[in-house]
Amino acid sequence: MKKLYVTLIILGFLMTFLACKKSDEELVTLPEIDISASPNGIVELPEDVPSVIRDIFTKYTKILAPNGKPIHMLAQAGWTDNQIKKARNILQFILIDYPGSEYGSDKSMIANAMADRKATMVFFNTEPDLHEAMRGPLGRGTDLSMQDLRGNENPAEGMKDYMNHITRDASFEEIWHLVHDNGIKVTRPAMIAEMQKANDAAAEKGWRAWPDDEPQEHANEYVGVLIDNYYDLWTVRPKKYEGRDISPKDVPEGYSHFGRYFAGSRERMKELDSDGYALIQKFFPPYLTYTPELPEYFEGTFSLKFDESLVYTYKSQHLVNVNLTGNNNSSLIGNGFDNSLTGNAGNNIFEGRGGNDTMDGGIGTDTAVFSGIYTEYKITEAEGTFIVEDNQQQRDGSDTLKNIEILRFSDKEIIL
């Protein structure tokens, strides 16, 4: 749900924009911050950052728009690097071109407009931290166009919270609001018109938008809801919202967003909200294009293949790629997409499960698992890369293997 509008309006706590905002000459801004020396692109805020910002935030990352200007991300100390990386991944995902789509085939103008407006995601630890910060100089003394996200709204892939589907994930929705306010509104008038039309049609079917006194924001909030349900974040009810329990009475079966939206999954959207379903496909691909890096402490199996006994796979089924990090012995299971599965320094097991996959074991003794018997596959090798091609259609596809030491078929193992 949208928390900051443009730069500083939040939940009625703050004074109005005109009363609070200093003249342009007095506003502080972010200097150029170099992240190139950081392996993960996240750095501590340097000393030349104005104290108005440095007193609140400790970490920084960014993405560059095609015009070479940054879209900023500032994080408080409670945010882990894994959470920051996930948020950055989502911003990049929303802004990556979706070839052939009506509104998303070329998103460069959207990203450029955001950078020109100094669009900035601000990652607060909690809601009280947000309120305290925005009452002070940050809320009235910068030229940044801010949108917030809290740490207890952003479970990163591989975290215990993510794997057990505990916390309501607001990261897609809130980052969408940053893109909408600073990019979509100024570059996609036809999309804005279609958003309003679809919102109004959904309202006739029972969609209850918010805020009640800001109808101009309803279509924006509606698309945030569509994104969440298109990627099945509410298909199974989350257990907590910002640390508070979510009970069954808060979200009726099949609904999402605390009962405000009637189509709480991709399948229900397709059936019950055809206008919204059509709209979302005109900007977003049916899969998540970013590559999550699982935390170094992750151990066990991470699956991209849907399994109703594994609650997190309602979400992870939409991923295409995933990387392991650290040293723990872990396994990755693919799905029907053409997956890229990358191992760590431990002993890893990979299962492609369909599609033409690329598997890189990295360091360690790594195993690729196949569904059929050895004689049903063709194996070729060139310069240390093996291609294992399934002769049976619609099963394992043709997989490219790097740094894999063992092939495991249903009847035998082969040492490479």
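1. Glu127, Asp148, Arg150 and Glu242 are joined in a network of salt bridges. A salt bridge here is a side-chain nitrogen of Lys or Arg within 4 Å of a carboxyl oxygen of Asp or Glu. In total, the structure holds 19 salt bridges. Please keep in mind that this is a predicted model, in which local features need pLDDT of at least 70 and side-chain atom pairs count only at pLDDT 80 or more, while totals for chains, interfaces and linings use all residues. Residues are numbered from 1 along each chain as its sequence is written, and side-chain values use heavy atoms, with hydrogens and water left out.

2. Let us look at one pair: the side chains of Asp81 and Lys59 form a salt bridge, at 3.1 Å from N to O. This pair links distant parts of the chain, since Asp81 is in helix H3 and Lys59 is in strand E2 (residues 59-64), 22 residues apart. Helices (H or I, at least four residues) and strands (E, at least two) are DSSP runs, numbered from the N terminus. How accessible are the two partners? Asp81 is partly exposed, with a relative accessible area of 29%, whereas Lys59 counts as buried at 14%. Buried means under 20% relative accessible area, exposed over 50%, and partly exposed in between, with a 1.4 Å probe and protein chains only.

3. Another salt bridge joins Asp116 and Lys69, whose closest N and O atoms are 2.8 Å apart. Asp116 lies in helix H4 and Lys69 in the loop between E2 and strand E3 (70-75), so the pair ties together parts that are 47 residues apart in sequence. Asp116 is partly exposed, at 45% relative accessible area. Lys69 is also partly exposed, at 40%.

4. A further salt bridge is found between Asp228 and Arg168, with the closest N and O atoms 3.3 Å apart. Here Asp228 belongs to helix H9 (residues 218-230) and Arg168 to the loop between helix H6 (160-163) and H7, and the pair links distant parts of the chain, 60 residues apart.

5. At 1.5 Å a residue, the 13 residues of H9 should span 18 Å, and the end C-alpha atoms are 18 Å apart, which agrees. The expected span is 1.5 Å times one less than the number of residues.

6. Now to helix packing. The axes of helix H4 (residues 108-116) and helix H7 (residues 171-187) come within 8 Å and cross at roughly 115 degrees. Axes are lines fitted to C-alpha atoms, for helices over the stretch in contact, and angles run from 0 to 180 degrees between N-to-C directions. In H4, Met109, Ile110, Ala113 and Met114 meet residues of H7 that include Leu178, Val179 and Ile184. Contact means heavy atoms within 4.5 Å. By class, the contact of H4 with H7 has eight nonpolar, three polar and no charged residues. Ala, Val, Leu, Ile, Met, Phe, Trp, Tyr, Cys and Pro count as nonpolar, Asp, Glu, Lys and Arg as charged, and the others, Gly among them, as polar.

7. Which residues of H4 are buried? They are Ile110, Ala111, Asn112, Ala113, Met114 and Ala115. What covers them includes E3, H3, strand E4 (119-124) and H7.

8. Asn89 sits in helix H3 (residues 81-95) and is buried, with a relative accessible area of 13%. Leaving aside neighbours within four places in sequence, Asn89 is in contact with Tyr290, Thr291 and Pro292.

9. Finally, some backbone angles to check. Most residues other than glycine have a negative phi, and most peptide bonds are trans. Asp232 has a positive phi of about 60 degrees although it is not a glycine; Asp232 lies in the loop between H9 and strand E6 (240-241) and counts as buried at 7% relative accessibility. His257 also has a positive phi, near 50 degrees. The loop between strand E7 (244-245) and helix H10 (266-272) holds His257, which counts as buried at 0% relative accessibility. After H4 comes Lys118, whose phi is positive, near 55 degrees.

10. The peptide bond from Trp210 to Pro211 is cis, with omega near -15 degrees. Pro211 is found in the loop between helix H8 (189-204) and H9.
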